[in-house]
Amino acid sequence: MKKIIILGSTGSIGTNALEVIRNAKDKFQVIGISGYKNYELLVEQIEEFKPQYVCIGTEDGYKSLKDKFPLLELFYGEKGLVELSQIKDYDILLTAVSGAVGIDATVEGIKNEKTIALANKETMVAAGEYINQLLKKYKNAKIIPVDSEHSAIFQSIQAGKIDEIENLIITASGGTFRGKKKEELQNVTIDQALKHPTWKMGKKITIDSSTLVNKGLEVIEAHGLFGICYDNIKVLIHPQSIIHSMVEFKDKNIIAQLGIHDMKLPIQYAFTYPDRMANPIFNSLDLVKISSLTFEQPDNDVFRGLEFAYIAGKIGETMPVVLNAANEVAVDLFLNKKISFLTIYEIIEKSINRHKIQKITDIDIIKAVDKETREWIKSNYK
Ligand SMILES: NC(=O)c1ccc[n+]([C@@H]2O[C@H](COP(=O)([O-])OP(=O)(O)OC[C@H]3O[C@@H](n4cnc5c(N)ncnc54)[C@H](OP(=O)(O)O)[C@@H]3O)[C@@H](O)[C@H]2O)c1
């Protein structure tokens, strides 16, 4: 029986993870969950899964939960996520909160020498180098990727050795605006941007998919997780989202992972790794019904997310922190109808251009750069 804590249990990844656990209660036990604003869903999850530990976003939420569940061990706020990760009595920490708020909790999970099922890609983007230093120090800790592309690479890599890899080939659906010209993106609405062609996900990552920033973040995440140079990380548009990514080895053999586009697959794999468990939810993938798998180059002139990520990733140090913070704020401004879709790119570009790179010697530098970038954008785009 593996004991699991889910940070972000009320989100898209979190609810998918609970569905995996609901179908394998003899294998997994939820001992901790966290939500932010969705109090009602968090209450439902507490009643169903009976965790020992719960974290909620606000002090008011904390007080209400305390009245309703006096025996629970409760936490709140960002500090609460950290405290939840520091508990000794668990095996896997699923980091499924959205945004850089996941960094501190992941760091604590590593210091606690636990297995991190990493969905929160922003952590690896903003703090990848720091996380890798920690992993060298806390040798029992490990990261199992949950992002479908990185799970695919992680599985495909097992066919060879890291130094035998020629290229990682990350696939992308292309997002909801694939094939559109820049002029057509000028006035797109939030509802249009939130219609993802294949995956059902939270709002932030769905917007990131439509700008291709998500794919850019995944390139940096892949560099951090697998240590492959940026020039050897390629991106291909694959609209069917059946091949979740591939690894090309030096002998030119390519190993790919295919599957239904549903996050329950990589979540289950991260929970059961290094073993595999019969899937209780899905039937086999019907390749005859899918019939064709197609590929195309991304349109980097219109969708600039990849360009920014390669620039930030290759510069390294604090630049990926800026990319991540700028994108988070820009997407939030777009979702709150404060800026247009294309202004997301403008904000990222300006933030990158104005940033003076610093060496990351500790986590406080990451936090300071993150904060400064957010404040600059907020004061310039109201
Ligand atoms: N969804 C996918 O298919 C997918 C695939 C690959 C990777 N990922 C990554 O997984 C992470 C989660 O994505 P998602 O789509 O599941 O997001 P989501 O549906 O928006 O859920 C986010 C979760 O984080 C909580 N949260 C939000 N802001 C918070 C804060 N400031 N402090 C503490 N908790 C906070 C939310 O709580 P409330 O809902 O209670 O407010 C919710 O539980 C992201 O990093 C994303 O890039 C997602």
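Q: In this predicted model, where buried means under 20% relative accessible area, exposed over 50% and partly exposed in between, is Glu48 buried, exposed or partly exposed?
A: The relative accessibility of Glu48 is 34%.

Q: Which residue meets Glu296 in a salt bridge, and how many residues apart are the two?
A: The side chain of Glu296 meets that of Arg178, with 3.1 Å from N to O. Glu296 sits in the loop between helix 13 (287–290) and helix 14 (305–315), while Arg178 sits in the loop between strand 8 (165–172) and helix 8 (182–185). The partner is therefore Arg178, and the two are 118 residues apart.

Q: Is Arg374, the salt-bridge partner of Glu328, buried or exposed?
A: The closest N and O atoms of Glu328 and Arg374 are 2.9 Å apart, and Glu328, at 14% relative accessibility, counts as buried. Arg374 has a relative accessible area of 17%, and because the cut-off for this class is under 20%, Arg374 is buried.

Q: Which residues do salt bridges that share partners join into one network?
A: Side chains of opposite charge can pair when their charged atoms come close. Here, salt bridges with shared partners build one network from Lys121, Asp147, Glu149, Lys215 and Glu218.

Definitions and conventions: Residues are numbered from 1 along each chain as its sequence is written. This is a predicted model: local features need pLDDT of at least 70, side-chain atom pairs count only at pLDDT 80 or more; totals for chains, interfaces and linings use all residues. Side-chain values use heavy atoms; hydrogens and water are left out. Buried means under 20% relative accessible area, exposed over 50%, partly exposed in between (1.4 Å probe, protein chains only). A salt bridge is a side-chain nitrogen of Lys or Arg within 4 Å of a carboxyl oxygen of Asp or Glu. Helices (H or I, at least four residues) and strands (E, at least two) are DSSP runs, numbered from the N terminus.
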